[in-house]
Amino acid sequence: MTPLTFAPVLGVTTSLSGKAWRWRGGNMELGEEQAGDPRGLDRTILDQLLLTRGVAEDDLERHARPTLRAFLPDPSVFRDMDAAAERLADSVTNGERVTVYGDYDVDGATSAALLVELLRQLGNDAGYYIPDRLLEGYGPSGEALVKLAESGSQLIVTVDCGAMAHEALGMARDVGVDVIVVDHHKCSPELPPARALVNPNRLDESDLGAAHGHLAAVGVAFLLGIALVRTLRARGWFAGRPEPDLMGLLDLVALGTVADVAALHGLNRAFVAQGLKILARRERIGMAALMDASRLNRAPQASDLGFALGPRINAGGRIGESTLGVRLLTTTDPEEARAIAAQLSQLNEERRAIEAAVQEAAEAQLAGQHNMAVQVLSGHGWHPGVIGIVAGRIKEKTGKPAVVIALDEAQGKGSGRSISGVDLGAAIIAAREAGLLVAGGGHAMAAGLTIEPARLADFAGFLDERLARDVDRARAGAAMLLDLALAPGGLTPDLVETLEAAGPYGVGWPAPRVAVGPVRIIKADIVGKDHLRLIASGNDGKSFKAIAFRAAESEMAQTLLHRSNGRRFHLAGRVKLDDWGSRPAAELQLEDAAFAD
């Protein structure tokens, strides 16, 4: 390994996707001899991966094995945490009726399931309420809170929503019901009238609490669970009673954290690392059924939570029945679990078809917006349940933040996704405060909004003016960041295992990206609808498989398909284990390519 260098990796200044290849940190170009026996380099590679993800050299050991003991803060550092725990403890000891009001996405479902299960273990038969995305929209409605109070709820806990619900919480206060808000979305300076509001992204949060602003709502709910158990322990509640299994709730924390695209560093990484161990035990009946429905018959990885389990839970809230996720995650009936998991899988297939139609219509509008810093796309009849996914797809396609809005006659419901370095949530809040939106909020990478159709042009102009400089700066610095460069012979299952040791990976803790080459393309074709599949061979005589998802129409795919008259290439992407055959092999998930000569 050589010191940090800014020279292009393998001399690639402009790849087939138009990017320069740069080292994420130190130069990690492995020779054929080294790469062929990665076992001797395990710790060197692991340390380098951690260092290039921001870990201090004297903190490598803690991050190499992320445990809760090493990363968990005292829950009391968060504002209102102790007040929330005391009020919940009162409900437990007094036998009050508690309702957990969750959002309809995975973070909301896992947060609600976590608190409901914990309260039930503590002897409180808590209920839950999940609003209908189409009929009620995002966040707690005053009407729903009042109805819950009228039906006997003495305490309502909102999870993954409520931080901006001033009017709704005011209505709850007026009828005398206490509300605790457990959220992670950005707050305004004026907080809603809650009994307690636990949110690391409060503007008045302490430095210690604000340091955990990357938590998903389910992570905040878990910390509240710790505070609640500690409070009850101090009251002597567990004299003669068993304490609840807090560690057993980490499967929910892992799923919600990954599915909500929360940054996987620090505490979140520990949550997911430990939660994956709980998931592998398949002890939660609903989670086991969900894994079976996803045909996941091995120990799950973080990517499975984001691409297999999470979308199925989300499908209920997007186009089906909003309560399906919480019902699945809290049921103790195996038959009910299997039925719900099958229903969610079917809804997920329907969601894919709806999503494809909306995406095609949205992409048709891109040509008229090529000069805009933020893609604002809208259409009548678009299903509100898929606009967030489509916004993410458009963002990936264009490299710009995207907001996709489903319109009806009265208003539009929008969802946005951003790129690193561009705070879309703050811009949406500013647009709301400027009177351009009926409602809106979110965080840096994702946001939601409600808008009157007549304000669309003004809103698009506002975002363009506010974010153009940030978008230009973020795009100018865009490069293919690489962790390793090696010959094809180094692409082995052992290397995959070494790279996985620095996981789990996700937003804020990117999976390692490797460059392999030079290679010649032996075979290339299109599989499925638009995936490029190829076999490449290097000078060392070793060959490997690679696949580029949803890339058939890209310049990279077309160039590789035609092999450019036998020219050699460098290929870049992420390494995965292909265990379909009799012998496991390393496969490259191709993201970019460049001419090698």
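Contact here means heavy atoms within 4.5 Å. The model is predicted: local features need pLDDT of at least 70, side-chain atom pairs count only at pLDDT 80 or more, and totals for chains, interfaces and linings use all residues. Residues are numbered from 1 along each chain as its sequence is written, and side-chain values use heavy atoms, with hydrogens and water left out.

**View 1. L590 and its contacts in the largest nonpolar core.** Beyond its neighbours within four places in sequence, L590 is in contact with L532, L534, A546, I547, A548, M556, L560, L571 and A572. The largest nonpolar core has 124 residues. F222, L534, L560, L571 and L590 have the most contacts inside it. Helix α10 (residues 217–234) gives this core its largest share, 11 residues. A nonpolar core is a set of buried Ala, Val, Leu, Ile, Met, Phe, Trp, Tyr and Cys residues joined through side-chain atoms within 4.5 Å. Buried means under 20% relative accessible area, exposed over 50%, and partly exposed in between (1.4 Å probe, protein chains only).

View 2. The buried residues are L424, G425, A427, I428, I429, A430, A431 and R432. They pack against the strands β8 (402–407), β9 (412–417), β10 (439–442) and β11 (446–451), and against helix α19 (456–476). Helices (H or I, at least four residues) and strands (E, at least two) are DSSP runs, numbered from the N terminus.

**View 3. Helices α6 (residues 106–121) and α11 (residues 250–259).** Their axes come within 8 Å and cross at roughly 160 degrees. Axes are lines fitted to C-alpha atoms, for helices over the stretch in contact, and angles run from 0 to 180 degrees between N-to-C directions. α6 and α11 are therefore roughly antiparallel to each other. Angles under 35 degrees count as roughly parallel, over 145 as roughly antiparallel, 65 to 115 as roughly perpendicular and the rest as oblique. From α6, V106, D107, T110, A113 and L114 meet L252, V253, L255, G256 and A259 of α11.

**View 4. Helices α14 (residues 302–319) and α16 (residues 334–363).** The two axes come within 8 Å and cross at roughly 70 degrees. That makes α14 roughly perpendicular to α16. P311, R312, I313, A315, G316, R318 and I319 of α14 make the contact with L344, S345, L347, N348, E350, R351 and I354 of α16.
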